[in-house]
Amino acid sequence: MTHYEVRAYNAATASENKIHDDAVARSYGFDGGLVPGVTVYAYLTHPVVAELGRAWLERGTMTTRFVRPCYDGDHVIVDTDPRGDVDVPTLDLTALRAAAGPADHVVATATASLPAIRPRPPSLDEYPAAPLPTARVPATEHDLAALGTLGSWEGAFHAEHAPAFLDEIGEDLPLYRDGGPAHPGYLLLAANWIFGANVRLGPWMHVGSDVTNYGVVSDGDRVSTRGRVAGLFQRKGHRFVDLDLLMVADDARPVVHVRHTAIYEIARR
């Protein structure tokens, strides 16, 4: 078992999603503004890429669940336990808040793997590009169920701007520096952006992502994030949404598929 340690940083305090704001998060019963799930995901990918290398960015998978909140300044330890055979290396990961008590110790869990053969990407015909809406729909079960194809979120990756994000998440792997590929945490941000660009959200929480990589995003690549609402459900008073998303480079090359789960209506404690 190996350990990776990082100091959590909440870079989203000024975002539209006010669950990252201390006062709003406390009104929902949390200790303060939540560090974004995509940031915790970025922490989890560090030992995966350190162990499996660039190949994981090209064809690896990761299933992640966010178990409890992570707060700004938390000392986060990611434990990595290898398993699996030679053909399909697999890592079980657990992110822990080092200063927390045993009742709320685990922040997130994940399983990452590196298939011997690159997974077959879905057809682009199943994920058509669409314009963003002129008006976002309310975050209600009725309106989310009625959504068809989501308006696509598009943006270009410029390697010269990557160091600011890498410093923000405490990432020190040389792979991402000096013109390297886009960090998987940076790419997963697009799942949040497409959700917020289509739906008028109040405070909400990212609670899980199932990710399959098909290739890297390099300097200058333009990435279109496309998809749909795949499911809606309720649990313990919370209302959840599943998003089925595909990120496509330069309108031709699938690079990441994401099943993104969020609580769009948080039950107050």
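Start at the largest cavity, whose lining divides into 12 nonpolar residues, 2 polar and no charged. Here Ala, Val, Leu, Ile, Met, Phe, Trp, Tyr, Cys and Pro count as nonpolar, Asp, Glu, Lys and Arg as charged, and the others, Gly among them, as polar. This is a predicted model, in which local features need pLDDT of at least 70, side-chain atom pairs count only at pLDDT 80 or more, and totals for chains, interfaces and linings use all residues. Residues are numbered from 1 along each chain as its sequence is written, and side-chain values use heavy atoms, with hydrogens and water left out.

**Two cavities**

On a 1 Å grid over the protein atoms alone, a cavity is a set of points where a 1.4 Å probe fits but cannot get out; a pocket is an open set with protein on both sides within 12 Å along at least five of seven lines; lining residues have an atom within 4 Å of a point. By this rule there are 2 cavities of 30 Å³ or more. The largest cavity holds about 110 Å³ of space, a volume being the space filled by probe spheres set on grid points that are joined across faces, edges and corners. Select Leu-57, Pro-184, Leu-187, Asn-213 and Val-256, the closest to its centre of the 14 lining residues. Helix 6, strand 9 and strand 12 each supply at least two residues of this lining; helices (H or I, at least four residues) and strands (E, at least two) are DSSP runs, numbered from the N terminus.

Next, select Phe-157, Ala-162, Phe-165, Leu-166, Tyr-176, Pro-181, Ala-182, His-183 and Tyr-186, which line the second largest cavity. About 60 Å³ of space lies there, and helix 5 gives the most to the lining, with 3 residues.

Now select residues 205-213, which form strand 9; 8 of its 9 residues are buried, that is, under 20% relative accessible area with a 1.4 Å probe, protein chains only. Two strands pair if DSSP finds at least two bridges between them. Strand 9 pairs with strand 2 (residues 61-66) in the antiparallel sense over 5 bridges, and Thr-63 has Asp-210 as its bridge partner. Strand 9 also pairs with strand 12 (residues 253-265), antiparallel, over 8 bridges. There, Thr-212 stands opposite His-257.

**Two pockets**

Stay with strand 9, which gives the largest share of the lining of the largest pocket, 3 residues. That pocket has a volume of about 660 Å³. Of its 33 lining residues, select Phe-66, Val-67, Met-205, Val-207 and Ile-263, the closest to its centre.

Move on to the second largest pocket, with a volume of about 510 Å³. Of its 22 lining residues, Ala-12, Ser-15, Leu-189, Asn-192 and Trp-193 are the closest to its centre. Helix 6 (184-198) is among the elements that give two or more residues to this lining, and its share, 6 residues, is the largest.

**Nonpolar cores**

A nonpolar core is a set of buried Ala, Val, Leu, Ile, Met, Phe, Trp, Tyr and Cys residues joined through side-chain atoms within 4.5 Å. Select Leu-44, Trp-56, Met-62, Leu-93 and Phe-195, which touch the most other members among the 68 residues of the largest core. Helix 2 gives the most to this core, with 9 residues. Apart from it lies another core, of 11 residues, including Ile-19, Met-205, Val-207 and Ile-266.

Technical notes
Buried < 20%, exposed > 50% of the residue type's maximum accessible area, 1.4 Å probe, protein only.
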